[in-house]
Each structure stands twice: as C-alpha cells, then as structure tokens.
Amino acid sequence: MIDTHCHLIDPQFNHDLQKVLERAKKARVKCIINIGYDLDTSRDTIRMSDEYDFLLPVVGIHPNELAEESLHQMDAIEELCNDRRVIGIGETGLDYYRNYSTRAAQQNLFRAHINLARKYNLPLIIHTRNSIDDAIGILKEEKYHKGVFHCYSGTYEQAKEVMDMGFYLGFGGVLTFSRNAREVFTRVSLDFVLFETDAPFLAPASHRGQRNEPSYLPEILNFAASVKGLPVERIEEVTDRNAQILFTLRI
Ligand SMILES: [Zn+2]
C-alpha cells in the first residue's frame, strides 16, 4: 500500500513523527509520498528522506501559500529537483474556493510548476477547488499530461476528461463520507485511481475531524473495495501498480 499524498512536514507531526511512521508500517503502508507546500516545507521533505528512505519527496508551492515572492522562489524549487530522490512537482494547482490570491497569479504559478515538471519529466500533484475546468484548460494549452488530480472532487464528466488526458485521480478520506466522491469513484476505471490520506488533513470517517495519518490508509482501501464490490487485495494491487507507473517507483 502506498500513501500517494501526505504532508508529514506539517508541524502537527512534530511531536510524534516516529510513532506515526511506526503505525504506518504496522498498517502495511510501504512508502509515503511526502509533499511540500512552500519553499521551506519542500526543503523539509528532502531532509526527512535523509532519515527515512520510505518517505519520497515532492516539491512545490501550493496555490493557498502563494505570496509575492513565490514566482521568484521557483528557481530555488528547481534546484531541489536536482536531488534525484524528488519524485514529483507539487503541491500545485488552482484554488478558487479560498481565493487567497488572484486567479491570474495562481495560473501563472501553476504554469511555472508545469514547466518545471516538463523539464525534469516529473508528475504534477494537482490541487483543485472549484477550478477543475481551468486546470484542465491550462494543462491542455501547456500540453503536459502527467500527474494526478489529488483529492478528486469534480463530476464524473470532468473525471472522464482528466482520464482521457492520461491523468490519475487521487481518492482519500473524503471517499468515506462524501456521496459525490463515492458516486464518481464507482464509475471511474481503477486503472486511473491512486489512494492517499492527505494527512494531516481530511481524515476518513472513523477519525473525522481529527488529525489524519498514513496508518488510516487501509480504511480508505477497504471502503473502496466495498464500493467497487472487489476484494481489497485486488484494489491494492492495481492502485499500487498505478503509483509505481506514475512515480517510477522501484519497490
Ligand atoms: Zn495536500
């Protein structure tokens, strides 16, 4: 089992990271994709991989963290890509729900991430909120079709477009309590699905409202298996393979 989207660099894990990782291993989570959301936390993801080799770093600036200096910081983000352990670019995307900065500024920063992903041939980890159509439009313009729409929250029709472009769909704790996510998940092909916790955010139903952590990943897979009417082993096998293909993992 692979947690394809997690933020262990979040201060909420400062006091008990070791225990969190032990519980993840016990739950059979074999590796965790650890995603930065600004320059500092992107550096942290790499530093953490020095200590724990099953944490895989992803670097980028989240649209909700966009600040005046963000575009200039992309040079420093690019420098981090020279570390061969970096396996993706993100968390990037567009957030029209929180709208902390203008849409134009978010789109510029998103395009900068796409260019970086292209240059290093890395997948994009894409965050969207009320912005899927614009994200699809920009990716089509930029002609870069490698990555995942994480915590997928759009319609089935949008999901179909995303899959037709060759992108994967990330599902996490929201699947266990959102009817919309469940209905979309029922219809999409497993060959385009990745699972994630997005810890410390968006815990699944049994821990809703609490801090999320990678050891809750089996709950999400079990739920997914019941929705699809398939054995959980099959769900795990297919989606692990998807993650291995997208992130070129050798595990
Ligand atoms: Zn995230």
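View 1. T239 touches L190, V193, L194 and F195, leaving aside residues up to four places away in sequence; contact here means heavy atoms within 4.5 Å. T239 sits in helix α9, and helices (H or I, at least four residues) and strands (E, at least two) are DSSP runs, numbered from the N terminus. At 5% relative accessibility, T239 counts as buried. Buried means under 20% relative accessible area, exposed over 50%, and partly exposed in between (1.4 Å probe, protein chains only). The model is predicted, so local features need pLDDT of at least 70 and side-chain atom pairs count only at pLDDT 80 or more, while totals for chains, interfaces and linings use all residues. Residues are numbered from 1 along each chain as its sequence is written, and side-chain values use heavy atoms, with hydrogens and water left out.

**View 2. Helix α8 against helix α9.** The axes of α8 (residues 217-228) and α9 (residues 232-247) come within 8 Å and cross at roughly 110 degrees. Axes are lines fitted to C-alpha atoms, for helices over the stretch in contact, and angles run from 0 to 180 degrees between N-to-C directions. The two helices, α8 and α9, are therefore roughly perpendicular; the cut-offs are under 35 degrees for roughly parallel, over 145 for roughly antiparallel, 65 to 115 for roughly perpendicular, and oblique for the rest. On the α8 side, L221, N222, A224, A225 and K228 meet V232, I235 and E236 of α9. By class, that contact of α8 with α9 has 5 nonpolar, 1 polar and 2 charged residues. Ala, Val, Leu, Ile, Met, Phe, Trp, Tyr, Cys and Pro count as nonpolar, Asp, Glu, Lys and Arg as charged, and the others, Gly among them, as polar.

**View 3. Helix α3 and its packing partners.** Buried residues of α3 (residues 70-80) are S70, M74, A76, I77, E78 and L80, and they pack against α2 (39-51), β3 (55-59) and α4 (103-120). Zooming in on one pair, α2 and α3 pack at about 5 degrees with their axes 10 Å apart. That makes α2 roughly parallel to α3. L39, S42, R43 and I46 of α2 make the contact with Q73, A76, I77 and L80 of α3.

**View 4. The zinc site.** Protein donors of the zinc ion are H5 (NE2), H7 (NE2), E91 (OE) and D198 (OD), lying 2.1 to 2.5 Å from it. Donors are N, O and S atoms within 2.8 Å of the metal (3.2 Å for Na, K and Ca); water is not among the atoms, so sites may look incomplete. With angles of 83 to 172 degrees among its 4 donor atoms, the zinc site is irregular. For reference, four donors count as tetrahedral if all angles lie between 85 and 135 degrees; four count as square planar and six as octahedral if opposite donors are over 155 degrees apart and all others between 65 and 115; anything else is irregular. H5 is buried, at 1% relative accessible area, and H7 is buried too, at 2%. E91 belongs to strand β4 (residues 88-95), and the peptide bond from G90 to E91 is cis, with omega near 10 degrees.

**View 5. I32 in strand β2.** I32 lies in β2 (residues 31-35) and counts as buried at 0% relative accessibility. Its contacts include D3, C6, L8, F54 and P214.
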